[in-house]
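Trainee: I am new to this structure and would like a close look at one part of it, the nonpolar core. Could you walk me through it and then show me what lies around it?

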Amino acid sequence: MIVGGLDIAILLASLMVGAVPILLAALGETVVERSGVLNLGVEGMMIIGAVTGFIAAVTLENAVAGFIAGALCGAAFSLIFAALTQVFQANQVATGLALTLFGIGVSSLAGQGYNGIKPPVTGAVPLGLLRDIPFLGPMLFRHDWVVYFSLFMVFATWFVLNRTRAGLIIRAVGENHEAAHALGYKVNRIRLLCILFGGAMAGMGGAYVSLVRVPQWTDNMTNGVGWIALAIVVFASWRPGRVLFGAWLFGGLMVLGPNLQAAGYAIPVEYLSMAPYVITIIVLVIMSSGRGRSLGAPASLGQNFHASR
Amino acid sequence: MLSLERRANPSQFWLWFTPVLAVILTMVAGGLLFALLGSNPFTVIRTIFWDPLAGTNASYFRAQLFIKAAPLILIAVGLAMGFRAGIWNIGAEGQYIMGAIIGASVGLAFFPTENRLIFPLMVAAGAFGGWAWAMIPAILKTKFNTNEILVSLMLVYVAQAILAKASFSFLRNPDGMGFPGSRNFSTYPAARNLDLIERSGFHWGAVAALGVAVAAYVLLTRHGIGFRIRLAGQAPRAARFHGVSPTRLVIFCLGFAGALAGLAGIFEASGPSGQITENFATGYGFTAIIVAFLGRLNPLGIIFAGLLMALTYVGGSLAESRLNLPAASIQVFQGMLLFFLLGVDMLTNYRIRYGAARVKGAGA
C-alpha cells in the first residue's frame, strides 16, 4: 500500500523499530515513578547502555550479549542515583541531572576507539510463513527479537503493576510512603529495586540505539531520546499501555522525517530535527492543561523518604 | 551500625564546608580515574588546578579563566534563584543560544554603521532573546501546568536546530565565501565586546557577572522577592498561606534566569567566540547547573564556584594538550564533582549516629 510516495507497511514497520528505545526506557521510568522516584537520569543511563552494549557486542561478537551488557551496565549506573537519593537523601532532580551529565562524559570516554565499527547484526526472528502475509507480514513479522521483547514488557509491566501484590506494594510506596512504611514495607529498598529496573530498561533501550537503530557508536548518540521517554511517561499518565501508544506516536514522528525525505519531499533538515521536540512540548501542553494537579502522578513523586521512626 | 538523624536546623559549618569536602573527594576520585587512564594523577591534578594559575604562560590562562567563568556565573546566578524556589529551569543552554542569536542579529543588522549605541542595544536584545525563550516554559507552566523541566530542556534541542539554521542561512556571512558562520564581530568595532584591560580576559560579561551576582545576593537576602523565593522553596505550604503567587514566582524566576543566560550568550558571541557558528554552544548552560549547586545556590558562593569550574575547563584543556588526556575525562571529572556535592550535602541536614537513630523529642 503506497500513499503519497510512502509505503505504509514499511513506514509502520520502521515506526515499530524506531519506538523501541523510547518504549523500553519509558516503561522502566514508569515503574520508577510509580514507586515515587523521579529519575531524570534516563538519558545518562541510555547512553551508558548504548556504549557498553556496543563494546560488549563488538568484543564478544554477539549482539545478544550486547543487550544484556547494556541492561546490566544501565542498572549498575542507576545504582549511583539510588545510593545518592535513597541513602544520602540527595535531591532527586539534581541527582538525575548529574547522572545525565556524568553518563554523557563517561560514555564518550569509554567509547573511544569504537567509532566507525559495525556491530554484529541483530537479525529478524524467523517467523516462517507469517513473514509473507501481504501488508501485515512486512509490518509485524519481520522484526528482531528486541521489538517483540519490548512489546512483551508492556504487558509484563502492566500485569505486575496492576495485577500482582508486588505492583500493589510499589504503588503504595509511590502514593504514600509514610503509610507504606507504617505497614512495614521497606520504602527505600523497594524504590532501590525499581530504580535498578528502570536503569536496566534504559540501558537496554540505549543498546538498541547503538546496535540496531544507527548502528554504530558516536558520542552523545542518544541525542535526547531519554528526555522524550521522560515526557512520554507524563503523556501516558504513568500507565504502561499508554506508554506504548506514546512511544509509537513519537517513534512515528522520528521515522516520518527521513521517510518523507526519501520519498522526495523537500523539508529543511532543521525543521525535521526540531520536530520531535516541538511536538513533545505540544503534547505535554495538551496532556497537562485543564486538569490541575491531578494528572495521575504518584502522590509521593520526587520526595525522599527518611524513616524517623 | 550507622544511622542518620535529621538536624533541627541545617548545620552552618557543613553548609560552607561541604563544597570544599566535595572538591577534595573529587580530586581523590578524579586522581584514581586519571591513574586508570594511565597518567600520573599528581601531575594531572597539578596541571588542572595549579599550572593555569602559576605555571608557564599563566597570564594567558588567567585571561581564559575570566572568559570561561563569566558566562558560567551569569547563568548559574539566574538558575540558582529558580532552584531555590523549586523551579527547575534546565534549558539555560537554549536560552544562551537564543540570546546570542537575537543579540547578534540586532548587531549585524546595523553592519557596518559605527555608533556607540549598537553594543548596548545588542546586549539588551540578547537579554531579551534569552528571556523570551524562557517565557515559553514559564507561560506553559502557569497557563497549562506543563512540566518546566521537560519543556525547557526540549527547547534546547529546538534552539540548537535554530542555531544551525542561523549559521547556515540567515546569519551567514555574505562575504564568507560560502562558509557557514556569521560575520566575525572582531571586524566590526561598534559591536565588539572588547577586553576592558588588554589581554586580561575581563570583558563586559565579567563585569556583568560580578554586578549581577551582587545584585542577586541583595535581592535574595534583603528584598521581598528573595524572601518569597526562599519561602516557596523551603515551605511551599507556608508560602501559599503567606499569599505568594506561584504564577508570578515562575514568571520571575524563569525570566530572570533566561535573561541572564541570554546576556551570557551575547557577551560570548560578540567577545571570545566572535561569531555565531554551528558549534557556538559548548555546554555552559548545563555546566552552570553544577556551578549553581557548588556555590550552594548563593550568588556570592557562585562567583567562587564559577571561577573554580572555569579552572577545571582551562586546566582540563591544558591537561588535554600537554598530557594527552581525553577531552571527555574533564566532563567526567565535573560530573563527579556534582555527585560528591550532592552526596556530602547530607551532612548539612543530617547527623550521623552510631547505633540506632535516636528520635528527637522521644520520651518527652
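Mentor: Happy to. A nonpolar core here is a set of buried Ala, Val, Leu, Ile, Met, Phe, Trp, Tyr and Cys residues joined through C-beta atoms within 7 Å. A residue is called buried if 20 or more other C-beta atoms lie within 10 Å of its own. Please keep in mind that this is a predicted model.

With those terms in hand, look at the largest nonpolar core, which has 230 residues. The members that touch the most other members are A:Ile232, B:Ile75 and B:Ala76. Helix α4 of chain B, residues 58-84, gives this core its largest share, 17 residues. In soluble globular proteins, nonpolar side chains tend to be buried together.

Let us stay with B:Ile75 for a moment. Which residues does B:Ile75 contact, once its neighbours within four places in sequence are left aside? They are B:Ala92 and B:Tyr96, then B:Leu260, B:Ala261 and B:Ala264, and finally B:Tyr284, B:Gly285 and B:Ala288.

Now step back to chain B as a whole. Chain B holds 15 helices and 2 strands. Its radius of gyration is 22 Å, close to the 21 Å that the globule rule gives for 364 residues, so chain B is as compact as a globular protein of that length. Along the principal axes, the C-alpha trace of chain B spans about 80 × 55 × 35 Å. Of its 364 residues, 54% count as buried. Among the contacts in chain B with a separation of 6 or more, 80% are between residues 24 or more positions apart.

Start with α6(B) and helix α11 of chain B, residues 246-270, whose axes come within 6 Å and cross at roughly 145°. This crossing of α6(B) and α11(B) is right-handed. Sorted by class, the contact between α6(B) and α11(B) has 18 nonpolar, 10 polar and 1 charged residues.

The other pair is α12(B) and α14(B), which pack at an angle of about 35° with their axes 10 Å apart. Here α12(B) passes α14(B) in a left-handed crossing. From α12(B), the contact uses B:Thr287, B:Ile290, B:Phe293 and B:Leu294, while α14(B) brings B:Gln334, B:Leu337, B:Leu338 and B:Leu341. By class, the residues of this contact between α12(B) and α14(B) are 6 nonpolar, 2 polar and no charged.

Next, see where the chains meet. In the contact between them, 37 residues of chain B face 40 residues of chain A. On chain B, at least two residues each come from β1 (2-6), α6 (118-144), α7 (148-170), α12 (284-294) and α14 (328-344). The chain B side of this contact divides into 27 nonpolar, 7 polar and 3 charged residues.

One residue of α7 in chain B deserves a visit of its own: B:Ser167 is found in that helix. Why does B:Ser167 count as buried? Inside 10 Å it has 22 C-beta neighbours, and a residue is buried when 20 or more lie within that distance. Not counting residues up to four places away in sequence, B:Ser167 touches B:Arg172, B:Pro180, B:Gly181, B:Ser182, B:Ile276, B:Thr277 and B:Glu278.

Finally, turn to chain A, whose secondary structure comes to 12 helices and 2 strands. Its radius of gyration is 20 Å, close to the 19 Å that the globule rule gives for 309 residues, so chain A is as compact as a globular protein of that length. Of the 309 residues of chain A, 51% count as buried.

In helix α7 of chain A, residues 165-175, the buried residues are A:Ile170, A:Ala172, A:Val173 and A:Gly174. The buried residues of α7(A) pack against α1 (8-34), α6 (145-163), α8 (177-182) and α9 (187-213) of chain A.

A:Pro119 lies in the loop between α4 (92-110) and α5 (136-140) of chain A, and A:Pro119 is buried, with 24 other C-beta atoms within 10 Å. A:Pro119 and A:Leu211 are 92 residues apart in sequence, yet 6.1 Å apart in space, C-alpha to C-alpha.

Technical notes
Residues are numbered from 1 along each chain as its sequence is written. Chains are lettered from A and ligands numbered from 1 in the order in which they are written. This is a predicted model: local features need pLDDT of at least 70, side-chain atom pairs count only at pLDDT 80 or more; totals for chains, interfaces and linings use all residues. Two residues are in contact if their C-beta atoms, placed from the backbone, lie within 7 Å. Helices (H or I, at least four residues) and strands (E, at least two) are DSSP runs, numbered from the N terminus. Ala, Val, Leu, Ile, Met, Phe, Trp, Tyr, Cys and Pro count as nonpolar, Asp, Glu, Lys and Arg as charged, and the others, Gly among them, as polar. The radius of gyration is taken over C-alpha atoms; the globule rule is 2.2 Å times the number of residues to the power 0.38. A residue is buried if 20 or more other C-beta atoms lie within 10 Å of its own, exposed if 12 or fewer, and partly exposed in between; C-beta atoms are placed from the backbone. Axes are lines fitted to C-alpha atoms, for helices over the stretch in contact, and angles run from 0 to 180 degrees between N-to-C directions. A crossing is left-handed if the near helix is turned anticlockwise from the far one by less than a right angle, and right-handed if clockwise.
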